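Hi,

Here is the structure I promised to pass on.

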Amino acid sequence: MQNLQLFEGSLPVESITNSWYDEFRNSNYGAIITFVGVVRDEDNIEGLSFDIYEPILKSWFDSWQKKASEKNAIVLMAHSKGDVLNHTSSYIAAVCSPKRRVALEMIDEFVEDFKANAPIWKYDIKDGKRVYAEDRSTPIDGAGLLN
């Protein structure tokens with residue numbers, strides 16, 4: 001199983017989280033902390049849509065795997081590409097660690113860093129069209145438009 005998984009459309013939450021539990025419950029981790037993000041029904045949107053730049057995402061994720069391994073932990077992540085309707089999931093993250101405190105702290109840091117630095121662009125779906133969600137987007141360090 002890959003620790004970073006990308007899916008078209010809404011995530012199959014139960015199968016992903018169950019597979020992670022089945023894969024790692026016998027690996028002597030005392031904590032498997034999972035975060036599931038759900039698309040909220042707000043601002044008259046029908047859902048969200050996502051574009052991902054996979055090479056940078058893989059590099060970003062690999063740096064987190066390295067950070068986690070220094071604490072005998074691992075990070076897991078699943079994210080959607082394309083359209084995800086309201087009340088379904090677009091993002092799942094987990095940390096497996098021998099110690100709960102490490103997992104609890106790392107899941108918080110991982111999710112916050114993901115929101116700030118992962119190369120994923122978010123669009124609102126309104127009237128069946130994708131509208132860039134600029135007000136909820138964070139620029140990536142070093143990114144910009146060339147003149």
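Predicted model: local features only at pLDDT ≥ 70, side-chain atom pairs only at ≥ 80, totals over all residues.

Residues are numbered from 1 along each chain as its sequence is written, and side-chain values use heavy atoms, with hydrogens and water left out.

Let me start with Ser89, which lies in strand β5 (residues 89–97); helices (H or I, at least four residues) and strands (E, at least two) are DSSP runs, numbered from the N terminus. Ser89 counts as buried because its relative accessibility is 3%; buried means under 20% relative accessible area, exposed over 50% (1.4 Å probe, protein chains only). A polar atom of the Ser89 side chain lies 2.8 Å from the backbone oxygen of Gly37 and 3.4 Å from that of Tyr91.

Next comes α1, where Val13, Ile16, Thr17, Trp20 and Phe24 are buried. Seen down the axis of α1, its buried residues fall within an arc of 90 degrees, so they line one face of the helix; the arc is that of the directions from the helix axis to the C-beta atoms. They pack against β1, β2, β4 and β5, where contact means heavy atoms within 4.5 Å.

In α3 (residues 100–117), the buried residues are Ala103, Met106, Ile107, Phe110, Val111 and Phe114. Their arc of only 130 degrees around the axis puts them on the same side of α3, while Glu112 and Lys115 are exposed on the other side.

Best wishes

Conventions:
Polar contact = N/O pair within 3.5 Å; in protein donor to acceptor, adjacent residues only side chain to side chain. Expected span 1.5 Å × (residues − 1).
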